[in-house]
Amino acid sequence: MQKYVSFIAASCIYGLVLISPNVLASEKTQVLMGEKTVTLEGKLPKLSQMAPGFKVVDDHFAPVMLSDFKGKTVLISAVPSLDTGVCALQTKRFNSEVSHFSDDVVMLTISADLPFAQKRFCKVENVDKIKVLSDSVWRDFGEKYGLLIQDYGLLARAIFIIDAEGKLQYQELVPNITEHPNYDAALEALKTIQAQQ
């Protein structure tokens with residue numbers, strides 16, 4: 001955890017941000033991809049503000065928007081590609097955790113994988129409780145949430161939690177996309193946020 005800089009946003013009841021020190025050092029957000037530094041396009045959204053709307057697609061290329069989940073608490077798990085070990089484990093972890101929450105909680109996994117690949121992954125890995133969505137068509141989510149990796153077209157690894165009022169209450173940008181996010185912190189934040197709705 002020494003790689004993380006964390007703070008609690010004073011304006012929200014439970015707002016936690018985990019970010020790379022590189023985020024504080026320059027205007028352009030940078031994270032590691034293994035040992036290589038990569039630059040992210042856009043800026044991370046601000047805590048306690050309305051979460052930016054976005055448009056992605058499901059496994060049938062049908063548009064899905066953040067507004068489709070209005071009134072629900074939304075956990076977004078962003079991953080570079082489902083066909084890699086950490087991304088697969090991250091997606092399966094949240095697929096197993098969502099059943100511990102009420103129907104007022106929605107968990108999304110978003111990657112830049114094509115919907116065909118996502119559908120195959122979900123079938124093989126029995127991922128059927130969370131919504132797996134693709135940012136491959138418009139790159140709208142990646143740009144609005146500051147996660148699009150420049151020159152790669154992939155998303156950085158991150159977790160966001162948006163409360164039922166549409167405000168961003170938690171975010172973690174993983175400093176090295178080859179590493180896991182802090183699952184326990186995200187799930188604890190989700191419980192706290194949901195309890196306050």
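Which residues do ring pairs link into a cluster? I looked this up in a predicted model, where local features need pLDDT of at least 70, side-chain atom pairs count only at pLDDT 80 or more, and totals for chains, interfaces and linings use all residues. Residues are numbered from 1 along each chain as its sequence is written, and side-chain values use heavy atoms, with hydrogens and water left out.

**Entry: the cluster.** I found that ring pairs join Phe54, Phe141, Tyr145 and Phe160 into a cluster. I noted seven aromatic pairs in the structure, where rings of Phe, Tyr and Trp (its six-membered ring) pair if their centres lie within 6.5 Å, and planes under 30 degrees apart count as stacked, over 60 as edge-to-face and the rest as tilted.

**Entry: Phe54 and Tyr145.** This pair is edge-to-face, with 5.7 Å centre to centre and 85 degrees between the planes. Phe54 sits in the loop between strand S4 (36–41) and strand S5 (55–57), while Tyr145 sits in the loop between helix H4 (140–144) and strand S10 (148–149), 91 residues apart. Helices (H or I, at least four residues) and strands (E, at least two) are DSSP runs, numbered from the N terminus. I recorded both Phe54 and Tyr145 as buried, meaning under 20% relative accessible area (1.4 Å probe, protein chains only).

**Entry: Phe94 and Tyr183.** Because Phe94 lies in helix H2 (residues 85–97) and Tyr183 in helix H5 (residues 183–195), the pair ties together parts 89 residues apart in sequence. Phe94 is buried at a relative accessible area of 1%, and Tyr183 is buried at 11%.

Notes
Buried means under 20% relative accessible area, exposed over 50%, partly exposed in between (1.4 Å probe, protein chains only).
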